Amino acid sequence: MTLNFERTRDYLYNFQFQDVFIEELGWEQPSNTKQNYLNIDAQIYYYQRIAEAAQVAIFEVTSETGEIPEGKIRQAIHQEIEQRVAENLLIFLDADKTRSLWYWVKRDDNKGFIRDHLYVKGQPGDLFLSKLGSLVIDIIEFETESISVVEI
């Protein structure tokens, strides 16, 4: 399976991130789509699973204020969600759906390294598309159960 850059670019532009993962990257529909919330530093943050594969979940995260939280709060949100789903990627969205911040922790020798990528509506996103291309999962990998958390 190869990434259709034009269609993926359209999905990104329209902030249809679930379609990016399921339609273009070959991930599965989430097993649980219930919106949950966290209360961190007297602010409410909502998170909802939009895709999953091999015990890795993708979540969209929004805030009561409509803003993308600062780094310390993002880390606290990640730690809370990590207790429920150890491997995840969080996509923080602003209320207008013009800015998103993709947040994950890369693990190496029992150490975690925070990685993030800001995607703003209207940016060309070619570099970002090449990063997303590495997340393509071929249906054959699911059928043979050859895909692992490590690979994702």
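**Exercise 1.** The charged end of which residue sits over the ring of tyrosine 13?

*Solution.* The model is predicted: local features need pLDDT of at least 70, side-chain atom pairs count only at pLDDT 80 or more, and totals for chains, interfaces and linings use all residues. Residues are numbered from 1 along each chain as its sequence is written, and side-chain values use heavy atoms, leaving out hydrogens and water. A charge sits over a ring if NZ of Lys or CZ of Arg is within 6 Å of the ring centre and within 35 degrees of the ring normal. The residue is lysine 121, whose charged end lies 5.0 Å from the centre of the tyrosine 13 ring.

**Exercise 2.** Classify the aromatic pair of phenylalanine 17 and tryptophan 102, and state whether phenylalanine 17 is buried or exposed.

*Solution.* Step 1: rings of Phe, Tyr and Trp (its six-membered ring) pair if their centres lie within 6.5 Å; planes under 30 degrees apart are stacked, over 60 edge-to-face, and the rest tilted. The structure holds 7 such aromatic pairs.

Step 2: with 5.1 Å centre to centre and 80 degrees between the planes, phenylalanine 17 and tryptophan 102 are edge-to-face.

Step 3: buried means under 20% relative accessible area, exposed over 50%, and partly exposed in between (1.4 Å probe, protein chains only). Phenylalanine 17, at 0% relative accessibility, is therefore buried; tryptophan 102, at 1%, is buried too.

**Exercise 3.** Which residues form one aromatic cluster with Phe17 and Trp102?

*Solution.* The cluster also contains Phe15, Phe21, Trp27 and Tyr119. Within it, phenylalanine 21 and tryptophan 27 form an edge-to-face pair, 5.3 Å centre to centre with 80 degrees between the planes. Both phenylalanine 21 and tryptophan 27 are buried.
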